[in-house]
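Open the model in your viewer and keep the selection panel at hand. The tour goes from helices to a pocket, then to a core.

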Amino acid sequence: MNDFCDEKSKKAFEFATDITKQLLTLSTGLLTLGTVAGKEFFIDFNLHIRLLVVFTMLLLLISILSGVITLGQIVGELAPTKITALRNPNKVPTVRSNNLLTFSKIQYLSFFFAVILVFLVGSITLIFPNNMQSNSNPQPTTHPNSQPTTQTNSQPTTQPKTQPT
């Protein structure tokens with residue numbers, strides 16, 4: 001660490017690094033789970049639910065990318081380049097630098113909204129399972145006055161009922 005850092009600053013950098021790593025791990029796990037399980041569980045759901053799942057995965061990806069950038073910013077704050085050190089030789093490393101806070105906030109907010117969407121998608125699909133199913137395989141319907149018959153190449157599938165005379 002830099003000679004200018006006191007114990008509180010060292011702890012702040014350690015906590016910032018730990019939180020960033022935790023969110024990276026959680027985001028990566030949720031994204032992996034959503035990608036692997038998405039083909040199995042969400043393929044039969046309607047377009048709105050599938051779009052929510054894709055949007056959730058996009059938010060998780062943004063969280064992962066901004067977390068990696070945040071870790072890079074922490075390293076850059078603790079070990080500045082020669083040019084940065086020459087420009088401002090008395091600069092004390094802080095976890096409150098603008099670059100670090102910007103990407104850290106992006107990571108937190110995207111993860112937070114992704115978790116809310118995961119909860120929302122899960123709740124909607126559990127509460128309304130029949131309403132969320134896709135209509136890609138509609139059930140055949142018959143007219144109230146018709147009886148289903150076996151289908152052949154030359155006959156229609158239903159024939160009207162005849163009234164006895």
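Helices here are DSSP runs (H or I, at least four residues), numbered from the N terminus. This is a predicted model: local features need pLDDT of at least 70, side-chain atom pairs count only at pLDDT 80 or more, and totals for chains, interfaces and linings use all residues. Residues are numbered from 1 along each chain as its sequence is written, and side-chain values use heavy atoms, without hydrogens and water.

**Stop 1: Thr 56.** Select Thr 56, in helix α2. Thr 56 counts as buried because its relative accessibility is 6%, under the 20% cut-off (1.4 Å probe, protein chains only). Beyond its neighbours within four places in sequence, Thr 56 is in contact (heavy atoms within 4.5 Å) with Ala 114, Leu 117 and Val 118.

**Stop 2: the nonpolar core.** Now select Leu 23, Leu 24, Leu 31, Leu 59, Leu 60, Ile 64, Phe 111, Ala 114 and Leu 117. These nine residues form the largest nonpolar core, a set of buried Ala, Val, Leu, Ile, Met, Phe, Trp, Tyr and Cys residues joined through side-chain atoms within 4.5 Å. α1, α2 and α4 each give two or more residues to this core. Then pick Leu 31.

**Stop 3: the lining helices.** Colour α1 (7-41), α2 (47-78) and α4 (98-127): each supplies at least two residues of the lining of the largest pocket. α1 gives the most, six residues.

Notes:
Buried means under 20% relative accessible area, exposed over 50%, partly exposed in between (1.4 Å probe, protein chains only).
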